[in-house]
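Hi there,

Here is the structure I promised to pass on to you. Have a look at it first, and then read my notes below.

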Amino acid sequence: MKIVVCIKQVPDTKGGVKFNPDGTLDRAAMMTIMNPDDKAGLEAALRLKDQYGAEVTALTMGLPKAADVLREAMAMGADKGILVTDRVLGGADTWATSQTLAGALRNLEYDLIITGRQAIDGDTAQVGPQISEHLNIPVISYAQKIQIEGDSVIVERQFDDRYHVLKAKMPCLITALAELNEPRYMTPGGIFDACSAEITVWGRNDLKDVEDSNLGLKGSPTQIAKASDKVRKGAGEKVSLDPAESVDYIVGKLKEKHVI
């Protein structure tokens, strides 16, 4: 079995975020981490590797420093790392990003593609399903449990207060929730091997069946009108009441907002 896990190096929001003049994130100026949903997807792939002997390839698109997140994946147990990086790919929205990743995936053999549900820097949950559309393969999103049965994958898909059980023939794409599992730690031996391992680097010319008009900032139909790292809050409403009146006031407000 061959599994490709799409991972993303995202800003560590605990340290604040910075923006370019065009409203896109200044990724080069921020501390970064592996996107949590993607790390859960990677752990799911590694557990399938442990169980079935699968080959796991980690794939990312980003700046050259995104090679760090690939080495982290390899230190956890991934077999290969592929970085897609090129100036013309910068500023991509979900559409252009999914086109880029699909173009890279067309160069690979895979039975299963696993992505995170969404990235913490965009929260759109669009890239995984878009990749499946570009590759014309089925997608199961919001996975909270994954099993393999012959040439099919069986997934528990989170849905409100319950879950769906869905089965699909492979190749298939799955988007994983951070709650899917508890990702393993990197091992000392894994870190040593990952530091010396070769990362495959692809550029624009390595993408298959992708038009230039669908790449980078120019190929992104989503336009950022305004970006801010802090949301200003109003002063709110202040009242001075005795305890009994306060209770009635609060209950009244909760009813007004349909909370109770």
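This is a predicted model: local features need pLDDT of at least 70, side-chain atom pairs count only at pLDDT 80 or more; totals for chains, interfaces and linings use all residues.

**Two spots in the loops**

Alanine 125 sits in the loop between strand 6 and helix 4. Its phi is near 60°, a positive value in a residue other than glycine. Helices (H or I, at least four residues) and strands (E, at least two) are DSSP runs, numbered from the N terminus. Another loop, the one between strand 9 and strand 10, holds proline 171. A cis peptide bond joins methionine 170 to proline 171, with omega at about 10°.

Residues are numbered from 1 along each chain as its sequence is written, and side-chain values use heavy atoms, with hydrogens and water left out. The pLDDT (the predictor's confidence in each residue, from 0 to 100) averages 88 for the protein chain, and 90% of the residues score at least 70.

In what order do the nine strands of the open sheet lie? The order is 9-8-7-10-6-1-4-5-11, and the pairing is mixed. Two strands pair if DSSP finds at least two bridges between them. Strand 9 (162-169) and strand 11 (200-202) are at the edges with a single partner strand each, so one side of each has no neighbour in the sheet. From one strand to the next, the twist averages 30°.

Glutamine 147 has isoleucine 154 of strand 8 as its bridge partner.

Helix 3 (residues 94-105) packs on this sheet, and its contacts (heavy atoms within 4.5 Å) include strand 1 and strand 4 (55-61). The direction of helix 3 makes about 140° with that of strand 4. Helix 4 (residues 127-135) lies across strand 1, strand 6, strand 7 and strand 10 (172-176), at about 175° to strand 10.

**Helix against helix**

Axes are lines fitted to C-alpha atoms, for helices over the stretch in contact, and angles run from 0 to 180 degrees between N-to-C directions. Helix 3 and helix 4 pack at about 50°, their axes 9 Å apart. That makes helix 3 oblique to helix 4 (under 35 degrees counts as roughly parallel, over 145 as roughly antiparallel, 65 to 115 as roughly perpendicular, and the rest as oblique). Residues in this contact include Trp95 and Leu101 of helix 3 and Ile131 of helix 4. By class, the contact of helix 3 with helix 4 has seven nonpolar, six polar and no charged residues. Here Ala, Val, Leu, Ile, Met, Phe, Trp, Tyr, Cys and Pro count as nonpolar, Asp, Glu, Lys and Arg as charged, and the others, Gly among them, as polar.

Helix 1 (residues 36-52) and helix 2 pack at about 35°, with axes 11 Å apart. In helix 1, Lys39, Leu42, Glu43 and Leu46 meet Glu72, Ala73 and Met76 in helix 2. The contact of helix 1 with helix 2 has four nonpolar, no polar and three charged residues.

Enjoy exploring!
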